[in-house]
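Please read it with the sequence and the coordinates open.

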Amino acid sequence: MHQPPEDVPPLIDRTKLGVRDRDLDPIGSRLRLYLYYAPIAGWLPALLALRRSGLDEREFVAAKRSVQLAIGWAIGLAVGSTVSEQLANPSLSFLLLQSAWTSTYCLICVGLMVSVWRRRSWAIGPGRGRSGDRPDSD
């Protein structure tokens, strides 16, 4: 067996240095989370990721959250367009309501992307008690 040289320092326990697992996150994992949180189109790769097995908990929570947000956005748009079609005079207020709905969805997605960039958690909605979704607590 090959013995390590004697001048190599022993392995350092990273918990003693204050390094957390989230600080060692590979860049590919964060890029996937960015992709999942992309407004309008991010739900598709998130849905495909949910079908895959072997996701870590943080990626699973992000993909599930992205799909839930997209479904909520689509339902809101469908309800708004249905209501505006039922009226004899679809007014400007319904168009403003739909644009506000889409803007809110996009702002939430951008906020989630910023939280991934800052390596923080943005606990929103049901299921925020999961460990991948909790605020940092050491």
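Axes are lines fitted to C-alpha atoms, for helices over the stretch in contact, and angles run from 0 to 180 degrees between N-to-C directions. The model is predicted. The protein chain has 5 helices and 0 strands, and its pattern along the sequence is α-α-α-α-α.

**Chain totals**

- Of the 138 residues in the protein chain, 22% are buried.
- Counting contacts between residues at least 6 apart in sequence, 60% join residues at least 24 apart.

**Helices H4 and H5**

- The axes of H4 and helix H5 (residues 92-117) cross at roughly 175 degrees and come within 9 Å.
- Angles over 145 degrees count as roughly antiparallel, and H4 is therefore roughly antiparallel to H5.
- On the H4 side, the contact is made by Arg65, Leu69, Ala70, Gly72, Trp73, Gly76, Leu77, Gly80, Ser81, Val83 and Ser84.
- On the H5 side, the residues in this contact are Phe94, Gln98, Trp101, Thr102, Tyr105, Ile108 and Leu112.
- Sorted by class, the contact of H4 with H5 has 10 nonpolar, 7 polar and 1 charged residues.
- The C-alpha atoms of Gly72 and Trp101 are separated by 10.0 Å, and the two residues are 29 apart along the chain.

**Helices H3 and H4**

- Helix H3 (residues 43-51) packs with helix H4 (residues 57-86) at an angle of about 130 degrees, and their axes are 8 Å apart.
- This angle makes H3 oblique to H4.
- The crossing in which H3 passes H4 is left-handed.
- From H3, Trp43, Ala46, Leu47 and Leu50 take part; they meet Phe60, Ala63, Lys64, Ser66, Val67 and Ala70 in H4.
- By class, the contact of H3 with H4 has 8 nonpolar, 1 polar and 1 charged residues.

- Leaving out residues up to four places away in sequence, Ser66 touches Tyr36, Tyr37, Gly42, Trp43 and Ala46.

**Arg30 in H2**

- Arg30 lies in helix H2, which spans residues 27-36.
- Is Arg30 buried or exposed? Arg30 is buried, with a relative accessible area of 10%, because values under 20% fall in that class.
- A polar atom of the Arg30 side chain lies 3.3 Å from the backbone oxygen of Trp117.
- Trp117 falls within the range given for H5, residues 92-117.

**Ile40 in the loop between H2 and H3**

- Where is Ile40 placed? Ile40 is in the loop between H2 and H3.
- Phi of Ile40 is near 70 degrees, which is a positive value in a residue other than glycine.
- Ile40 is partly exposed, with a relative accessible area of 38%.

Note on methods
Residues are numbered from 1 along each chain as its sequence is written. This is a predicted model: local features need pLDDT of at least 70, side-chain atom pairs count only at pLDDT 80 or more; totals for chains, interfaces and linings use all residues. Side-chain values use heavy atoms; hydrogens and water are left out. Helices (H or I, at least four residues) and strands (E, at least two) are DSSP runs, numbered from the N terminus. Buried means under 20% relative accessible area, exposed over 50%, partly exposed in between (1.4 Å probe, protein chains only). A polar contact is a pair of N or O atoms within 3.5 Å; within protein, one must be able to donate a hydrogen and the other to accept it, and residues adjacent in sequence count only if both atoms are side-chain atoms. Angles under 35 degrees count as roughly parallel, over 145 as roughly antiparallel, 65 to 115 as roughly perpendicular and the rest as oblique. A crossing is left-handed if the near helix is turned anticlockwise from the far one by less than a right angle, and right-handed if clockwise. Contact means heavy atoms within 4.5 Å. Ala, Val, Leu, Ile, Met, Phe, Trp, Tyr, Cys and Pro count as nonpolar, Asp, Glu, Lys and Arg as charged, and the others, Gly among them, as polar.
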